[in-house]
Structures are given as structure tokens and as C-alpha cells.
Amino acid sequence: MLGLVLLGACSIISGEEEDLRPVILPPPGGGDLLISTPGLGNTQPGTATGVIGRGAGALAVYDFDVALDYQGQQITVDQTIEIVNPGPDFWDKVVFYMPWPLQTDRFALSRVRIVQQETIATTIETTEGGFLIVNLPAPISPNSSVTLNIRYGLDAEFTIPIARRPFGDAGYSEDIIQFTDWYPRLVPYVPGTGWYQWEPTLVGQPMHTDVADYNLRIEAPPDIIVASGGPLSRVNNTWEYQVKAARSIGFSASPDYIEVKDDTVPGVNIILYHLPQSDNSEQIEAVLTATRQALTLFNRIYGKYPYQTLVIAENIYTPTVANAGFLLHTGRGFDEFTGRSDTLQLLTVLLPYGLGQMYWQHFVGSNPVVEPWIGGGLTLYSEYLYQEAYDEVRERDFWEARVYYWNPRGNLNDTAYDVDNTEELLRNVYRNGALFMHELRGQMGDDAFFAFLQDYYRTGAFRNTNRSDVFELIGRHYSGNLSELVDKYFAAAEFVTVPTAIPTLTGVPTPGPSPSPTPQRIHVVQGQETVSELAWRYGITVRDIIEFNGLDPEAPIIFQGMELVIPYP
């Protein structure tokens, strides 16, 4: 058994550890705060409108004014988003992803406008894959910004405790209404290529976006209590939350929520909202204990939690869902809690899982459509690390009950298009990801493995990362041969099933010399690069690379040091 040492022997989680929290820095001359991440350089004030005061890497600010009709089970939303174009391209459009609830007849879009000195209408397009494309009347130049206003309404759907996502993401029960994945979300922009769009899929919840700053104001009936992440201010019936450098924001509300506060973890205020029927001292203490333990552990082995609050709110379905500083925690787990140590308790098992999701799918980003194993595997392995550190019984049961019982199959680099549904994604890709991480740890050794995880958190926080980043960081801490382990988990023909999962060219590149029509570019393959990664990077198709280099279309294998001709788009 691989032991996670908590006292003395393992330097990364004992003694006087280095403060790994993303650093908050005052800008020159005072004013709003800027955030930087060690290893990535400090964020500096820019010239574009609104840049000063943004969170780390944030090029967008979302402002929501939400009118909550609790009895009517619906919300009306006025969403304003200011987006800075960092260059070098000109933008002629802006692209949003519409999460699943916004692709149903429960969603009604009333208007999209550009906000300038005068508010002007614009033309929009919607795609079958769930994208909202806003065409701009004039290109947005580098270091300029555009502000859009979107108004819409969304009805919640009745949800039962055994429901699983995406059903219930905008849902209600007799006691609670909740919204996660509930608003148009800006997709990443790839310089020189365009806005990143993917082929339609309902597998998983594709939250592929850059970090942004969020201001959320919810006007609710007088007797309703609202829960969300970030610092809270309340004036009369308006609840306001603000989160910087985040990938998403969600909220829930109930007339019956009971608030419990805990400040025993240094620097973080834990706030729990639960229903009266869950007002069992053993149950509440189980939640708070698991939260304190998981947060303390992850602070030590990954890096410091970057927010000052962690809010946990009882939800209405089975999963626990992470947003920025906010866990919508399993309502089913509350309902079925028995307190017995010899049975699986969703209430406590899903807390380290949800917090791991916050670390490895929110703080550190990756592509959940093309590479779901990165965030998913580390999320599930975080649950194991918690059990290993605090619960010897559950640690022994983890692999059998949470992994082998589900008989995970397939390849670790399976994409959202290689599985039929979300359950299959969780059963296979996430569990194979946890197995890979465990075997990787065994080969690297504890010191090197946890140094790699700390390095990944510190350099990947507030960024979108990929498999090349992961293996490059592994290589910084381990010089051994991983070929056997990689061959065991990864398919040789990488990503050939999703040749269309590449960015769509919608930007207007900065004018420059026209490339020669004859392919001139040569790329020397580095590390673990794949054909699909290179196609994404250069804005071409997988087929282009295959045809220009005479690769096997069924198994386009490339290797380190190989020279590839890269045609121009």
C-alpha cells in the first residue's frame, strides 16, 4: 500500500510548508487588487477598459441581475459581460456555449445587445451544438473591449433525489431551487485560430472556458435564503456575491435553509446550508469534519485554497457539483445518511470528491471534451487520497467499491465522443484516470509525485492545460521511463475518433504577410504531443496532417523528434 505520510517523513505535507496560495498583489499606486500565480508571472494593469482589478488571467467580467420567482420556479436574467481582446487578432464575433438547460424549451432568449455610448442591437446565430454566436458590427481591435447584454428567462424542472446531471442543473424540489450551468458562457479564444467550438455532445458537462470575474445579484422573495460562493452582502431582498478568477458561478435558494458556520481552517470560512430535516447533529458534524479534513489535506498536498470562503449547500439530486467557492452537495446523501462506518455514505464520500473537482476542474482547467481524464482522474483520485489520510476502512474499500466494482474499460484518452453517456464517462475514463494516477505515484515515489501535483496546481491555476503540460511537469520531477505505463492506459491511435473537435476559425487575424501556398512549416514533435493537439494548435484538421505526412489514417502515430509538415489553413 502506498502510504500518505502526514507527519514528519514527507516534506510536502509536514513541517513549515511554503505558502502555495495564489498571491494577491496591490497594483502600482494602490486601487483594486490584482492576483498572480507563482510561476506564471504577475498580472499587470493593462490599457483596455476594466483590466485593472481583474482576477488572474481574467479577460471577462460577468454581471448578473437575477429576479428569482421561487413560487413560479423560474428566473429572469439580465446578463452583462465585458470582454477584453488581448490581441493579436481582431474579433468580428464573440461565441458563447449554451449549457444543456439553455438548449431546452425551458429557456427563452429575449435580446442580445452591444453596450457602448449607445446600446445597439446585433445579429446572432445559434448552432445545433449549443453555441450562441454574436456577430459584431465592427471588429474589436487588440487591447480594446466589448460589452454585451443578454436577457433571458429560464424555468427550473422538477427534480428527484436519484436524478443525475444534466437533469436538475436548473431544477427544483419541494424545498430547494438550484442553478448550476445556467447561463451563456464564453468559450476560450485561441490566438491566430479563433473561438474554440466542439461538436455536439451531451456526455459530461463541457465546462471549457477561461477564468473570469463574477458579480451576481439575486432579488428574491423576503423569506428566501440564497446560497452561492464568494463574499456575501445583502440589502433588503437582494443577495450579492462576488468571485474573482473563477470558471463558473452557481446558486441555490430555499425558505428553509439553516446556516452553520465554521472557521477552524485557517484563512477559510466554511458555511453550510442545510434543510431542517437534515438538522441532525451527527449528520452536520460529519459534513463539517469531512470538509475541514479535505480542505486541510488539499491545502498541504496540492496548494492553498484561493478563496476566503467555502460555501456548501444541500441540493436536490445525487451528485455534488463544484462552482467557484461553492459546493452544491448531494441531497440524496443527506437523505440516506445513516452514520454507519461500514457502509458507503454519499454525504461524506462526495465532499472530498467535490473539493477535488474544484481544484482540478475549476482552479486548474483542461478540455473536458477532448481530454476528460485529466480533471476527472485527479478529481476521483482526490477522494482516494482523502480516504487514505483519514479513513483506513474506506481506503481499503475505495478501489473495490468505487473503481473495480464498475469494471472500467476503454482507453484513458477516450474523449466525450468515444462513450455513449455521462455514466460511461464516469465509470471508465474517471476511474481509469484514478488508476493511472495511483500507478504513476507508485512508479515516481511519493515525494516526486506530490511535488508534481503541487507544480501542476501552481503553474496551472487559472489556466487551461492539456496532456502535454501534464507530462512536461511529470518530466520535471521524474526521469524514469513511463512507456510501459503509458502503453497500458493510452490508445496508440490518439483522438482519431474526433477529427472535428477542433477550433472553428471565427477570429480575424492581424494582417500580415500572406503565407506561401506551398507548405513550408516543419514541426518537430515534442514529448507526448498528438496529431489532434497539433491540428488544434495550427488551426488545421487532423486529416491535413495525415495526408501531408503520409500517416496511417487508422492509426496516425507520431513520436518525439519526428518532423511533420504543417500545411497552412
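The legends below describe views of a single predicted chain.

**View 1. The whole chain in overview.** The secondary structure comprises 11 helices and 29 strands, taken as DSSP runs numbered from the N terminus (helices: H or I, at least four residues; strands: E, at least two). Of the 569 residues, 57% count as buried, that is, under 20% relative accessible area with a 1.4 Å probe, protein chains only. This is a predicted model in which local features need pLDDT of at least 70 and side-chain atom pairs count only at pLDDT 80 or more, while totals for chains, interfaces and linings use all residues. Residues are numbered from 1 along each chain as its sequence is written, and side-chain values use heavy atoms, with hydrogens and water left out.

**View 2. Strand S3 and its two partners.** Strand S3 (residues 60–69) pairs with strand S4 (residues 74–85) in the antiparallel sense over 10 bridges; pairing requires at least two bridges found by DSSP. Four residues lie between these strands in the hairpin, where glutamine 73 takes a positive phi near 55°. S3 also runs parallel to strand S17 (residues 212–219), joined by seven bridges. Aspartate 63 stands opposite threonine 80 in S4 and opposite asparagine 215 in S17.

**View 3. An open sheet of five strands.** The strand order is S11-S12-S13-S21-S18, with mixed pairing. Strands S11 (157–158) and S18 (225–228) stand at the edges, each with a single partner strand, so one side of each is left without a neighbour in the sheet.

**View 4. The pairing of S12 with S13.** Strands S12 (residues 170–172) and S13 (residues 177–179) run antiparallel and are joined by three bridges. Glycine 171 has glutamine 178 in S13 as its bridge partner.

Methods. Buried means under 20% relative accessible area, exposed over 50%, partly exposed in between (1.4 Å probe, protein chains only).
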